[in-house]
Amino acid sequence: MKYLFTIIASLFVLTTSAQDIVQQEVAPRKNIKERLAAPAERDSLTMVYETVRITEQGDAANIVNNNLQANVKAVSGYRIVIFMSNTQTARRDAVMAQENFAAIFPQEHSYLTYENPYFKVAVGNCTSHEEAMILLGRLRGTFPKAFIMRENIEMTEFTR
């Protein structure tokens with residue numbers, strides 16, 4: 001009887017260990033946004049150089065100028081939403097989020113809007129999704145729930 005109990009206990013331990021291994025191997029990979037937003041992994045033997053180089057093509061400035069001269073009112077672009085809520089204190093919380101953002105990132109513009117039933121604070125004027133992802137990566141440390149949203153951006157916003 002003692003021998004049978006030992007065998008059953010051993011089988012139980014082996015099956016639970018095998019299940020743990022299978023669950024670890026099947027864990028989903030992080031998507032590209034999570035990997036870009038995550039800080040670089042370091043160990044004692046690896047040197048990590050965290051330099052991002054962005055080259056703006058000369059055509060981007062020409063496109064903005066041409067659209068301004070052609071009286072184009074707005075273009076499709078991207079902004080980062082750092083706050084969105086519909087609670088009773090949403091307006092006050094949105095103003096606080098906007099003030100917090102302005103104190104930390106004074107060079108970036110922020111926009112507080114009300115779209116029934118949500119108060120929303122969005123930042124940046126990004127013309128491409130890649131530009132928005134870079135801005136999102138900069139903001140994730142301070143605003144972990146921030147996300148990218150497609151919006152129509154007035155042309156005058158690019159000239160401020």
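1. A residue is called buried when its relative accessible area is under 20%, exposed when it is over 50%, and partly exposed in between, judged with a 1.4 Å probe on protein chains only. By this rule Met84 is partly exposed, because its relative accessible area is 36%. Met84 lies in strand β1.

2. The model under review is predicted: local features need pLDDT of at least 70, side-chain atom pairs count only at pLDDT 80 or more, and totals for chains, interfaces and linings use all residues. Residues are numbered from 1 along each chain as its sequence is written, and side-chain values use heavy atoms, with hydrogens and water left out.

3. The protein chain contains five helices and four strands; helices (H or I, at least four residues) and strands (E, at least two) are DSSP runs, numbered from the N terminus. In sequence order the pattern is α-α-α-β-α-β-β-α-β.

4. Of the 160 residues in the protein chain, 23% are buried. The chain exposes about 12,300 Å², and carbon and sulfur atoms supply 56% of that area. Accessible areas come from the Shrake-Rupley method with a 1.4 Å probe; for residues, only the protein chains shown count as cover.

5. A nonpolar core is a set of buried Ala, Val, Leu, Ile, Met, Phe, Trp, Tyr and Cys residues joined through side-chain atoms within 4.5 Å. The largest such core has 21 residues, and those with the most contacts inside it are Ile80, Ile82, Phe101, Leu139 and Ile148. Two or more residues come from each of β1 (74–85), α4 (90–104), β3 (118–126) and α5 (129–139). The largest share, five residues, is that of α5.

6. Contact means heavy atoms within 4.5 Å. Apart from neighbours within four places in sequence, the contacts of Ile80 include Val121, Val123, Leu135, Leu139 and Ile148.

7. Which residues does Phe101 touch, not counting those up to four places away in sequence? They are Ile82, Glu108, His109, Ser110, Val123, Leu139 and Phe143. Phe101 belongs to helix α4 and is buried, because its relative accessible area is 0%. Its C-alpha atom is separated by 8.7 Å from that of Thr142, 41 residues apart along the chain.

8. Among contacts in the protein chain between residues at least 6 apart in sequence, those joining residues at least 24 apart make up 68%.
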